[in-house]
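Please read the points below with the sequence and the model side by side. They take the strands, then the core, then the aromatic rings.

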Amino acid sequence: MKKPVVYGVCTLSLLLLIAAACFLPQLVFQIEDAYRMGRTWSEERTGLAVENLNMDYEMSVDKRLESFAENVDSFFVSGTELLTDQESYMVTGAALEQDIIWILQDFGVLPAYFSYDIIQMKRYLICHEDLNKGIALSTYYCELQISDGFQVKVLFDEKTNTIYCLRFELTQEAKDAYGMESDLSVAYTNNYDLGYIFAYYYGIDPENGLETILEDFGAGEDGELDFFSVKILLPYDFTSLSLCIGGKEEKEGLTSISFEIKEIAELIPELVESGS
């Protein structure tokens with residue numbers, strides 16, 4: 001009685017080995033194919049975006065931001081780390097030598113002179129989920145360090161140098177060293193004028209429904225302004241973008257000044273992590 005059982009077990013084992021030999025390689029190949037297809041799709045997705053950038057990228061600031069505003073919930077972001085070489089300094093320098101920077105320096109909002117080291121630089125592509133629409137924004141994100149106390153984060157357009165976000169954090173020593181004669185109240189007092197300046201900078205007619213909202217402000221025991229936050233709504237045909245201008249002073253003397261298009265800054269991981 002034992003022999004039929006033994007024969008049956010042997011036969012079953014042999015059939016399982018044959019089945020494994022026949023189907024296991026196919027299963028492995030299917031898994032590998034699925035992985036490769038997914039990887040290829042991802043590479044093609046990125047490649048398509050880059051190709052569309054070269055062919056279809058909108059060079060007009062107002063049209064580019066209007067298209068972004070109309071599809072603000074329909075983007076994904078792809079980031080690439082870049083080397084901090086001579087070219088990166090030239091690219092960043094070009095962005096920081098625009099009229100908008102000079103105007104802010106004249107207002108006393110930014111220091112009159114500064115030099116820097118690039119700590120980190122990335123390229124971020126903000127792409128439509130529908131890749132047939134290509135890239136919405138192609139940007140550079142830079143973190144800069146100035147030995148006298150500045151820390152700077154800037155996000156700007158790769159093609160036009162349009163600055164979408166600029167955040168300065170500085171110590172009192174840096175403020176003194178670089179001749180910032182104005183205190184925080186200068187930026188606060190001039191926020192309405194700054195709204196008009198930024199409206200023109202981003203291709204908006206400030207007379208076409210520009211709205212300024214004072215979100216928060218406060219003064220310390222000495223009565224001097226300690227912080228403020230202003231949101232300026234940049235109007236487009238059917239929607240708007242939020243330009244946020246803010247500043248803060250602390251007892252230790254640390255001062256921060258920033259301006260940014262909120263909807264764009266919220267897509268960049270480093271800007272989200274550091275807050276406004």
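1. Two strands pair if DSSP finds at least two bridges between them, and the elements themselves are DSSP runs numbered from the N terminus, with helices (H or I) of at least four residues and strands (E) of at least two. This is a predicted model, in which local features need pLDDT of at least 70 and side-chain atom pairs count only at pLDDT 80 or more, while totals for chains, interfaces and linings use all residues. Residues are numbered from 1 along each chain as its sequence is written, and side-chain values use heavy atoms, with hydrogens and water left out.

2. Strand 2 and strand 3 run antiparallel and are joined by 10 bridges; within this pairing, leucine 125 has serine 138 in strand 3 as its bridge partner. The hairpin that these strands form has 6 residues between them, and there glycine 134 takes a positive phi near 75°.

3. Strand 3 also pairs with strand 4 (residues 150-157), in the antiparallel sense and over 8 bridges, with glutamate 143 standing opposite lysine 153 in strand 4.

4. Leucine 166 is in contact (heavy atoms within 4.5 Å) with residues beyond its neighbours within four places in sequence, among them Leu96, Val152, Lys153 and Phe259.

5. Rings of Phe, Tyr and Trp (its six-membered ring) pair if their centres lie within 6.5 Å, and planes under 30 degrees apart count as stacked, over 60 as edge-to-face and the rest as tilted. The count by this rule is 6 aromatic pairs, including the stacked pair of tyrosine 89 and tyrosine 116, with 6.1 Å centre to centre and 10° between the planes. Because tyrosine 89 lies in helix 3 (residues 86-95) and tyrosine 116 in the loop between helix 4 (99-107) and strand 2 (117-128), the pair ties together parts that are 27 residues apart in sequence. Tyrosine 89 is partly exposed at 30% relative accessibility, whereas tyrosine 116 is buried at 18%.

Methods
Buried < 20%, exposed > 50% of the residue type's maximum accessible area, 1.4 Å probe, protein only.
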